[in-house]
Amino acid sequence: MGADLVEETLPSGDFADGVMAASGAVFLAERVADGVRILRSVGTDRTEIALVPCGFTGLERVGDGHVAVGRDVRSCSDGTPGVTVFDVATGRAVAEGAEEGGGALAVTGSPDGARLAVACPDGRVRTYRLP
């Protein structure tokens with residue numbers, strides 16, 4: 001039998017998604033009145049790093065160093081469709097891509113963190129090299 005799981009409790013919220021990143025950082029998507037707030041949590045320290053006004057499609061870990069946030073504007077009229085990539089260590093945006101045709105339905109990263117694939121509403125999958 002393996003080791004027992006140890007529960008860690010994060011502050012409560014209406015979370016839409018979450019992903020564990022490197023060095024104990026957790027990225028969370030919390031629903032708020034004006035969209036989805038992206039938070040970076042390390043231990044008990046939570047920092048807001050972005051607000052997605054609408055069309056949030058999910059968080060994805062990309063390798064050990066990045067987390068990608070997808071946005072799809074088919075569900076609303078404001079906001080910019082596409083993907084923003086955040087640095088795990090700092091929580092800062094390091095790359096952004098606007099998607100023609102309505103945004104990102106889903107995002108996923110390669111295991112080595114070098115590429116990002118974006119599923120788009122027009123039926124295409126676009127790939128990007130990450131910084």
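This is a predicted model: local features need pLDDT of at least 70, side-chain atom pairs count only at pLDDT 80 or more; totals for chains, interfaces and linings use all residues.
In strand 10, Ala 119 is the residue that bridges to Ala 106. Residues are numbered from 1 along each chain as its sequence is written, and side-chain values use heavy atoms, with hydrogens and water left out.

**The sheet around strand 10**

Strands here are DSSP runs of E with at least two residues, helices are H or I runs of at least four, and both are numbered from the N terminus. Two strands count as paired if DSSP finds at least two bridges between them. Strand 9 (residues 106-109) and strand 10 (residues 115-119) run antiparallel and are joined by four bridges. The two make a hairpin with five residues between them, and Gly 113 in the turn has a positive phi of about 75°. Arg 115 has Arg 129 as its bridge partner in strand 11.

Put together, these three strands form an open sheet in the order 9-10-11, with antiparallel pairing. Strand 9 and strand 11 (125-129) are the edges: each has a single partner strand, so one side of each lacks a neighbour in the sheet. On average, neighbouring strands of this sheet are turned by 20° against each other, direction ignored (axes are lines fitted to C-alpha atoms, for helices over the stretch in contact, and angles run from 0 to 180 degrees between N-to-C directions).

Strand 9 also has two faces: Val 107 and Gly 109 are on the covered one, Ala 106 and Thr 108 on the uncovered one.

**The whole chain**

What does the secondary structure come to? There are zero helices and 11 strands. Buried residues (under 20% relative accessible area, with exposed over 50% and partly exposed in between, using a 1.4 Å probe and protein chains only) make up 42% of the 131 residues. The accessible surface comes to about 7400 Å², and 50% of that belongs to carbon and sulfur atoms; the areas come from the Shrake-Rupley method with a 1.4 Å probe, and for residues only the protein chains shown count as cover. Among contacts (heavy atoms within 4.5 Å) with a separation of 6 or more, 31% are between residues 24 or more positions apart.

**The nonpolar cores**

A nonpolar core is a set of buried Ala, Val, Leu, Ile, Met, Phe, Trp, Tyr and Cys residues joined through side-chain atoms within 4.5 Å. The largest one has 16 residues, and those with the most contacts inside it are Phe 27, Ile 38, Phe 56, Leu 59, Val 67, Val 69 and Val 88. Strand 2 (25-32), strand 3 (35-42), strand 4 (45-52), strand 5 (56-62) and strand 6 (66-71) each supply at least two residues of this core, and strand 2 gives the most, with three. Another core, of 10 residues, lies apart from it and includes Val 83, Val 85, Val 107 and Leu 116.

Leaving out residues up to four places away in sequence, Val 67 touches Val 19, Ala 21, Phe 27, Leu 59, Glu 60, Thr 84, Val 85, Phe 86 and Val 88.

**A buried glycine**

Gly 103 sits in the loop between strand 8 (93-98) and strand 9. Gly 103 is buried, at 0% relative accessible area.

**Salt bridges**

Side chains of opposite charge can pair when their charged atoms come close. The rule used here asks for a side-chain nitrogen of Lys or Arg within 4 Å of a carboxyl oxygen of Asp or Glu, and the count comes to three.

| Pair | N to O distance |
|---|---|
| Arg 37 and Glu 30 | 2.5 Å |
| Glu 30 and Arg 46 | 3.9 Å |
| Glu 48 and Arg 37 | 4.0 Å |

Shared partners join Glu 30, Arg 37, Arg 46 and Glu 48 into one network. Glu 30 lies in strand 2 and Arg 46 in strand 4, so that pair ties together parts 16 residues apart in sequence. Glu 48 in strand 4 and Arg 37 in strand 3 are 11 residues apart.

Which of these residues are buried, and which partly exposed? Glu 30 is buried, at 7% relative accessible area. Arg 37 is partly exposed at 24%, as are Arg 46 at 28% and Glu 48 at 44%.
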